[in-house]
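Biologist: Hi! Could you walk me through this structure? I'm new to it.
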Amino acid sequence: MELGLVGLGKMGGNMRERIRRAGHTVIGYDRNPDLADVHSLQELVDSLQAPRVVWVMVPAGAATQSTVDELAELLSPGDIVVDGGNSRWTDDEKHAEELKAKGIGFVDCGVSGGVWGLENGYALMYGGAAEDVARVQPVFDALKPEGEFGAVHAGKVGAGHFAKMVHNGIEYAMMQAYAEGWELLEKVDSVTDVREVFRSWQEGTVIRSWLLDLAVNALDEDEHLEQLRGFAQDSGEGRWTVEAAIDNAVPLPAITASLFARFASRQDDSPQMKMIAALRNQFGGHAVEKK
């Protein structure tokens with residue numbers, strides 16, 4: 001089939017290549033002309049035979065909104081837009097209604113796989129009407145990993161990005177657990193080879209995972225992570241997961257704590273720890289460190 005792909009960065013560029021390897025035609029547009037096959041959304045739409053499928057792979061928020069708005073004016077009834085970025089599921093609902101008014105279908109797709117997806121395939125979670133999903137299915141089949149699993153029609157519009165959001169929330173908590181365990185191992189004198197302890201967990205343990213494999217890779221490159229600063233950004237999906245948990249009265253203590261731990265990394269000199277130190281000094285006479 002033919003596919004228009006908007007956004008050819010680290011994810012989008014590799015996705016274009018994987019889809020092409022499966023024998024499909026992909027016409028890509030990116031603001032960087034060195035990456036693009038065509039040089040405007042108008043040219044992209046004109047290059048595709050109707051009914052068209054256009055996959056959007058740009059940052060969530062304003063960039064996705066402006067792209068959807070422009071495609072709404074360029075596409076025709078019967079065409080379909082797929083949002084494969086990390087949009088919030090509530091934005092999907094808005095985009096679906098906007099496009100439905102013009103007879104254009106909409107599918108949201110959470111994509112996981114990162115820079116490894118070209119070779120390994122991408123885990124896909126998509127939401128939308130069954131007939132719209134069926135139109136895009138050849139592309140989903142091209143992108144997913146080999147084998148029975150790795151892709152799911154999660155439900156109606158918004159379900160794909162909601163599922164990907166929860167996936168990323170779980171990822172936050174798993175990474176935090178590995179990080180805490182690593183710090184504790186590094187702290188004690190009795191453990192003399194933390195990297196090899198992590199490596200030993202890769203086989204036969206209940207905590208083995210791809211994230212553990214990636215942790216070992218990182219330790220192989222920099223055994224004590226001395227070249228890194230202790231700062232970790234959050235993409236927004238962790239926050240959305242916690243907000244959804246509050247809205248639905250679902251307890252997420254591990255995921256919530258892992259999100260707040262990211263915030264602690266922004267502080268070189270934690271104000272909260274200043275207060276805790278001051279209180280410990282006041283009630284117990286515990287020593288405090290002065291600047």
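Modeller: Happy to! Let's begin with a term: a salt bridge is a side-chain nitrogen of Lys or Arg within 4 Å of a carboxyl oxygen of Asp or Glu. This is a predicted model, where local features need pLDDT of at least 70, side-chain atom pairs count only at pLDDT 80 or more, and totals for chains, interfaces and linings use all residues. Residues are numbered from 1 along each chain as its sequence is written, and side-chain values use heavy atoms, with hydrogens and water left out.

Biologist: Thanks! How many salt bridges does a search of the whole structure find?
Modeller: The search finds 13. One of them joins the side chains of R16 and D37, at 3.1 Å from N to O.

Biologist: Where do R16 and D37 lie?
Modeller: R16 lies in helix 1 (residues 10-21) and D37 in the loop between strand 2 (25-29) and helix 2 (41-47), so the pair ties together parts that are 21 residues apart in sequence. Helices (H or I, at least four residues) and strands (E, at least two) are DSSP runs, numbered from the N terminus.

Biologist: And is R16 buried or exposed?
Modeller: R16 is buried, at 13% relative accessibility, while D37 is partly exposed at 34%. Buried means under 20% relative accessible area, exposed over 50%, and partly exposed in between, using a 1.4 Å probe and protein chains only.

Biologist: Which residues are linked in a network of salt bridges?
Modeller: That network links R195, E196, R199, D220 and E223.

Biologist: Switching topic: what is the strand order in the open sheet?
Modeller: The seven strands run in the order 2-1-3-4-5-6-7, with mixed pairing. Two strands pair if DSSP finds at least two bridges between them. Strand 2 and strand 7 (151-155) are at the edges with a single partner strand each, so one side of each has no neighbour in the sheet.

Biologist: How many bridges join strand 1 to strand 2?
Modeller: Five bridges join strand 1 (residues 2-6) to strand 2, and the two run parallel. For a spot to look at, G4 stands opposite I27 in strand 2.
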